[in-house]
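Let's take a friendly walk through this protein and look for places where charged side chains pair up. Have the structure open as you read along.

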Amino acid sequence: LSYVSTNAAPLHQEHEAVVAVIGTFMDVTHRRKAMQQKDDFIIVASHELKTPITSLQASVQLLNHIKHDPMNAMVPVLIEKANRSMNKVTNLLEDLLNTGKYTQGQLHLNKTRFVLSRLIEDNFRDIHSDGRFDILVEGERELEVYGDPDRLEQVVTNFVNNAMKYASASK
C-alpha cells in the first residue's frame with residue numbers, strides 16, 4: 001500500500017481562462033508510516049505512564065497517612081517504591097520527548113546483564129500484595145539476560161496489565 005500526495009495549480013493566460021494545469025505527485029508512504037509509528041508510540045507510552053503514576057500515588061497516599069509516625073517500618077519501603085515509580089515516569093517522559101528518534105530508527109538501548117526473575121519480582125511486588133492476582137515465575141531463577149532492563153520491563157508490564165485487564169477472572 002502506497003500513499004501519494006497530489007498538488008495542482010492552474011495556469012492562466014493574462015487575466016483569462018485556465019489554459020493548463022501543473023500537477024505534482026509525491027510518494028509520502030514513508031512519511032505516513034513514520035507518523036503512524038510515532039502515534040502508536042505515544043499511545044503505548046501514555047498507557048505505560050499510568051502504572052508508575054498509580055504506584056507513586058498509592059505510595060504517597062500511604063506515606064501521608066503515616067506521616068505523624070516516622071518510625072513506622074513502612075516509611076522506607078514506601079519511599080523506595082515512590083522513588084522507583086518516579087524514575088520510571090522520568091524515563092517514560094524522556095522517551096516521549098525523544099519520539100523523533102524512534103521514527104528515524106534511532107532507539108537507544110542501554111544493554112546490561114541482569115537476572116530476569118528479579119526484574120519481574122521487583123516490578124510486580126504490588127500485584128502480589130493486593131491478593132487479587134499472583135505472578136508465578138518458573139524456570140531458571142538465576143537466568144541472566146543481556147538487554148535493556150527498562151525496555152523489557154515496559155514490555156512485561158504491558159503484558160501483565162493487559163492480562164489483568166482482559167482476563168480479570170483468572171488469578
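Start at Glu-142, which is partly exposed with a relative accessible area of 46%; here buried means under 20% relative accessible area, exposed over 50%, and partly exposed in between (1.4 Å probe, protein chains only). Glu-142 forms a salt bridge with Arg-118, their closest N and O atoms being 2.7 Å apart. A salt bridge is a side-chain nitrogen of Lys or Arg within 4 Å of a carboxyl oxygen of Asp or Glu. This pair links distant parts of the chain: Glu-142 sits in the loop between α5 (125–130) and β4 (144–147), while Arg-118 belongs to helix α4 (residues 116–123), 24 residues apart. Helices (H or I, at least four residues) and strands (E, at least two) are DSSP runs, numbered from the N terminus. Arg-118 is partly exposed too, at 43%.

Before going on, keep in mind that this is a predicted model: local features need pLDDT of at least 70, side-chain atom pairs count only at pLDDT 80 or more, and totals for chains, interfaces and linings use all residues. Residues are numbered from 1 along each chain as its sequence is written, and side-chain values use heavy atoms, leaving out hydrogens and water.

Now look at Glu-121 and Arg-141, whose side chains meet in a salt bridge (2.1 Å, N to O). Glu-121 is in helix α4 and Arg-141 in the loop between α5 and β4, 20 residues apart.

How many salt bridges does a search of the whole structure find? It finds three. Another of them joins the side chains of Lys-88 and Glu-153 (2.8 Å, N to O). Lys-88 lies in helix α2 (residues 74–97) and Glu-153 in helix α6 (residues 149–166), so this pair ties together parts 65 residues apart in sequence. Glu-153 counts as buried at 12% relative accessibility, whereas Lys-88 is partly exposed at 24%.
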